[in-house]
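Subject: Handover of a structure and its findings

Dear colleague,

Please find below the structure that I am handing over to you. My findings follow it, and I would be grateful if you read them alongside the model.

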Number of protein chains: 2
Amino acid sequence: MRILVIGATGTIGRPLAKLLGQRHEVVPASATKSALTADIANADSLQTLFQKVGPVDAIVCVAGKAKMAPLAQLSAADFQFCLENKLMGQVNVVRLGMPHVRDGGSICVTSGVLSHTPMPGSAAISLVNAGLEGFIRAAALEAPRGIRLNVVSPPWVTETLQAYKMDVPGGRSALEVAGLYVEAIEGRAQGATLEFSRKG
Amino acid sequence: MRILVIGATGTIGRPLAKLLGQRHEVVPASATKSALTADIANADSLQTLFQKVGPVDAIVCVAGKAKMAPLAQLSAADFQFCLENKLMGQVNVVRLGMPHVRDGGSICVTSGVLSHTPMPGSAAISLVNAGLEGFIRAAALEAPRGIRLNVVSPPWVTETLQAYKMDVPGGRSALEVAGLYVEAIEGRAQGATLEFSRKG
């Protein structure tokens, strides 16, 4: 398969690109650090990326920013940022990317554990993650040409917890998490939220 | 209790206002048909409403528009409309309404069955409904002064199905659905999505 990985230089993206590269042709893209760049919050930027890359069998998005902050401090602008970036950015990866995916291919985007296991400060992120899962459940019903749409909900990633010196139970290595994306791409899931056991 | 009902003239709002009015003081508001009006998509309009109404024990929102259309026809503007209206409109009912809710009071907003039981055409609505549920799960962790935040996920409402001549199983009368809101307001639920058994 020829697979476009958006966010290929990130914490999950790096091991994912390596894992997929063992048996597929990976086309890496990222915000700034790859030969191919795209800003997922900008629809024109995504369109340009998809046109440059051409036909693929799968698109994976492991990119998307959202803001963690106490509810009382989250401003209208903060919500807007989260909606434009991690939420609509990935909705647009699906909407604008689909015509470039070959028959029977797939697209996989990224939500996260805070969707169903929130914590103080996660109001905007939980909204974004849950909203994306709702979108994928519905959009998959209308995907044409046998294309599958799925979302991976990563748990806390060990490397992230270590970088931020956070003590949250249930962390998994980025490589383990990458396995969920491989399952979404190589398996038969459709409209699914792929995750380790909830609360895991 | 003194309860502000936003959307008090709608299909669910009417029986809900009647039901709550049997043992509480109801302050009805709606987009155009009440003495008190507000456009939930407009934060200033909501602020004005809350200031006019003053302190309440509960706020219920049974208002919010979102667009049903085939995925291939949903434009960026359609998604934007849904995000501003049913999603952020109700997030703002929570954010801006909270200071006007008395200690130990509650706020209840509205998602819908398409969050978890999507159908073709519901991609934007499913996103909005699921996103709102994710927001409430998280925001409830940070609600101050014993305030409870919940979301009701109505099934298809019989009156709506009849009005649109739709044949969908699992419909419940608007009065039955109103009971879910009464439970959210009078019960002890916190951060919950109140619904009849999933799949209706």
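**The interface between the chains**

Between chain A and chain B, the count of salt bridges is zero; a salt bridge is a side-chain nitrogen of Lys or Arg within 4 Å of a carboxyl oxygen of Asp or Glu. This is a predicted model, in which local features need pLDDT of at least 70 and side-chain atom pairs count only at pLDDT 80 or more, while totals for chains, interfaces and linings use all residues. Residues are numbered from 1 along each chain as its sequence is written, chains are lettered from A and ligands numbered from 1 in the order in which they are written, and side-chain values use heavy atoms, with hydrogens and water left out.

Eight residue pairs, both at pLDDT 80 or more, are in polar contact between chain A and chain B. A polar contact is a pair of N or O atoms within 3.5 Å; within protein, one must be able to donate a hydrogen and the other to accept it, and residues adjacent in sequence count only if both atoms are side-chain atoms. H3 and H4 of chain A are the elements that give two or more residues to the side of chain A that touches chain B. The largest share of that side, ten residues, comes from H4(A). Sorted by class, the side has 20 nonpolar, nine polar and three charged residues. Here Ala, Val, Leu, Ile, Met, Phe, Trp, Tyr, Cys and Pro count as nonpolar, Asp, Glu, Lys and Arg as charged, and the others, Gly among them, as polar.

In contact terms (heavy atoms within 4.5 Å), 32 residues of chain A meet 32 residues of chain B. The area buried between the two chains is about 2,600 Å², and carbon and sulfur atoms give 71% of it. Buried area is the accessible area (1.4 Å probe) that two parts lose on being put together, summed over both. On the side of chain A, Leu71(A), Arg137(A) and Glu142(A) lose the most area to chain B, together 23% of what that side buries.

**How the copies are related**

The same surface serves both copies, as 100% of the contact residues of chain A recur in chain B.

**Salt bridges**

Over all chains, the structure holds twelve salt bridges. In one of them, Arg102(A) pairs with Asp57(A), with 3.0 Å between the closest N and O atoms. Arg102(A) lies in strand E5 (residues 101-110) and Asp57(A) in strand E4 (residues 56-61), so the bridge ties together parts of chain A that are 45 residues apart in sequence. Strands (E, at least two residues) and helices (H or I, at least four) are DSSP runs, numbered from the N terminus. Asp57(A) is buried, at 18% relative accessible area, whereas Arg102(A) is partly exposed, at 37%; buried means under 20%, exposed over 50% and partly exposed in between (1.4 Å probe, protein chains only).

Yours sincerely
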